[in-house]
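Trainee: I have a new model open and would like to talk through how it is put together. Could we go element by element?

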Amino acid sequence: MRYYIADCHFFHRSLNEKMDQRGFADAEEMNEYMIQKWNHKVRPRDEVVILGDFSMEKGEKTNEILRRLHGRLYLIEGNHDYYLKDSDFERERFVWIKPYAEMKDHKRSVILCHYPVFCYHGQYRKDQEGNDRTYMLYGHVHNSFDEVLVSRFIRETKEARRVNMYTRTEEPIPCNMLNCFCMYSDYEPLSLDEWIVLTQKRRKALFRTE
């Protein structure tokens, strides 16, 4: 099984009072809770793709967290992953570390980037039954107003119509962008299908309150 998660920000104490307002007593309590949630879900042979901003600490302390986490890990670089420049950081804990990647997940394509990509590779591709084949997974914006704006863009795009160059008929525009922010899943890595369901419910609730 493969899971995805973004913006854990291990050791980032100020996120408990500012921005995310996570509500933990301190960074140590937050770290332990996230490790517990992770290891309850992820088995040692599962894969986890981290979509950036994993840790705010230097190399060795980040190593200590990584040693405790289950799974075969992949990292999409985030803007706060400064530990990557630390010579003490053990890069071999990850299968790979990249700023951007494209992978397959049960016959679907996933576009992986720390930042939301609005016009992503394979956006219009569908399978023979007409199901969307490509999903763009991102992080970075947390649960901020930027995420509200991204969600509005997605809604407006999906409501638009374009002429299919092959069928010459008007069709809705696919826009499958999933924010894998860790707080949305209560700090638990989720599969692609789990993120799809969670995101649909979250955005439906968001638009009801606007």
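This is a predicted model: local features need pLDDT of at least 70, side-chain atom pairs count only at pLDDT 80 or more; totals for chains, interfaces and linings use all residues.

Trainee: Which helix and strands do the buried residues of H2 pack against?

Mentor: Helix H2 spans residues 59-68, and its buried residues are Gly59, Thr62, Asn63, Ile65 and Leu66. They cover an arc of only 165° around the axis, so they sit on the same side of H2. Their packing partners are helix H1 (27-41), strand S3 (72-76) and strand S4 (94-98).

Trainee: Which strands stand at the edges of the open sheet of four strands?

Mentor: The order in this mixed sheet is S5-S6-S7-S10. The twist averages 25° from one strand to the next. A strand with a single partner has one side left without a neighbour in the sheet, and therefore the edges are S5 (100-105) and S10 (177-179).

Trainee: Which residue in S7 stands opposite Val110?

Mentor: Strands S6 (residues 108-113) and S7 (residues 134-138) run parallel and are joined by four bridges. Across from Val110, the residue in S7 is Tyr135.

Trainee: How many residues does the largest nonpolar core have?

Mentor: Those with the most contacts inside this core are Tyr4, Trp38, Phe54, Leu112 and Leu137. Leaving aside neighbours within four places in sequence, Trp38 is in contact with residues including Ile5, Val48, Leu73 and Pro189. Another core, of 10 residues, lies apart from the largest one, with Tyr120 and Met136 among them. The count for the largest nonpolar core is 46 residues.

Notes:
Residues are numbered from 1 along each chain as its sequence is written. Side-chain values use heavy atoms; hydrogens and water are left out. Two strands pair if DSSP finds at least two bridges between them. Helices (H or I, at least four residues) and strands (E, at least two) are DSSP runs, numbered from the N terminus. Axes are lines fitted to C-alpha atoms, for helices over the stretch in contact, and angles run from 0 to 180 degrees between N-to-C directions. Buried means under 20% relative accessible area, exposed over 50%, partly exposed in between (1.4 Å probe, protein chains only). The arc is that of the directions from the helix axis to the C-beta atoms. Contact means heavy atoms within 4.5 Å. A nonpolar core is a set of buried Ala, Val, Leu, Ile, Met, Phe, Trp, Tyr and Cys residues joined through side-chain atoms within 4.5 Å.
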